[in-house]
Amino acid sequence: MATATARQQRTQRRRAEIISAAIELFQERGFHAATTHQVAERAGLSVGLIYQYFGNKEDLLRAVIVDILGEFRDRIPVEIAASGADPVARLRAGYRAYVAVIDENRDGTLLTYREGLTLAPDGREEIKKLEIETAAPLRDVILEGMASGAFVDVDVDLVVHNLILSAHGWALKHWRLAKSYDVSSYADAQLDLLLRAIRP
């Protein structure tokens with residue numbers, strides 16, 4: 001008999017397989033044209049099993065977006081904390097982690113931009129709330145830097161907005177940017193541009 005841990009791992013693996021299949025199909029055919037049956041077929045699972053994890057196709061789309069935001073929430077604070085006390089190093093670590101998550105989820109990021117407005121109002125509100133929460137560690141580092149004199153006084157929300165948009169730009173314009181940068185050099189180049197504006 002499977003242990004609780006083994007069952008949990010199997011559940012997580014199946015959920016990830018379903019989401020991966022959904023991303024592929026939604027990218028290939030569009031969210032509205034793709035069907036749950038096609039997602040099940042692509043994942044190699046029964047439609048009934050899909051419905052055990054997700055109530056409908058919109059739940060799948062919502063899960064794609066929420067999972068990416070969950071990665072930001074889990075990884076960015078850890079990277080910032082591990083980088084020491086220097087605000088510049090902390091901001092660089094947090095931003096690199098943000099861009100790395102985007103890089104690992106480029107198709108999901110593109111899907112979010114293309115189909116995010118398809119979500120019902122409660123889904124859109126959840127995403128907005130999570131976006132604010134996941135950006136908070138970057139915001140906090142900038143405020144710390146301003147308080148210590150490492151950064152000049154700036155509109156912190158506008159700076160965070162620019163950081164996030166430039167991170168998303170790695171997915172949105174990857175076809176062009178990847179000719180000149182890898183993910184690490186892109187993150188460093190973008191941050192260096194911003195640092196010129198906010199350092200004394």
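Select helix α5 (residues 87–104) and helix α7 (residues 121–148): their axes come within 9 Å and cross at roughly 165°. Axes are lines fitted to C-alpha atoms over the stretch in contact, with angles running from 0 to 180 degrees between N-to-C directions; helices are DSSP runs of H or I, at least four residues, numbered from the N terminus. The crossing angle therefore makes α5 roughly antiparallel to α7 (over 145 degrees).

This is a predicted model, in which local features need pLDDT of at least 70 and side-chain atom pairs count only at pLDDT 80 or more, whereas totals for chains, interfaces and linings use all residues. Residues are numbered from 1 along each chain as its sequence is written, and side-chain values use heavy atoms, leaving out hydrogens and water.

On α5 the contact (heavy atoms within 4.5 Å) is made by Pro 87, Arg 90, Leu 91, Gly 94, Tyr 95 and Tyr 98, and on α7 by Leu 138, Val 141, Ile 142, Glu 144, Gly 145 and Ser 148.

Then colour by domain: the domain assignment (automatic or from a database) gives domain 1 (1–55) and domain 2 (58–198). Their C-alpha centres lie 27 Å apart. At the boundary, 13 residues of domain 1 are in contact with 14 residues of domain 2. The two domains bury about 1,200 Å² between them, 68% of it on carbon and sulfur atoms; buried area is the accessible area (1.4 Å probe) lost on putting two parts together, summed over both.

Finally, select Ile 23, Gln 27 and Phe 31, which supply 47% of the area that domain 1 buries against domain 2, more than any other three residues.

Note on methods. Helix = DSSP H or I, 4+ residues; strand = E, 2+ residues; numbered from the N terminus. Parallel < 35°, antiparallel > 145°, perpendicular 65-115°, else oblique.
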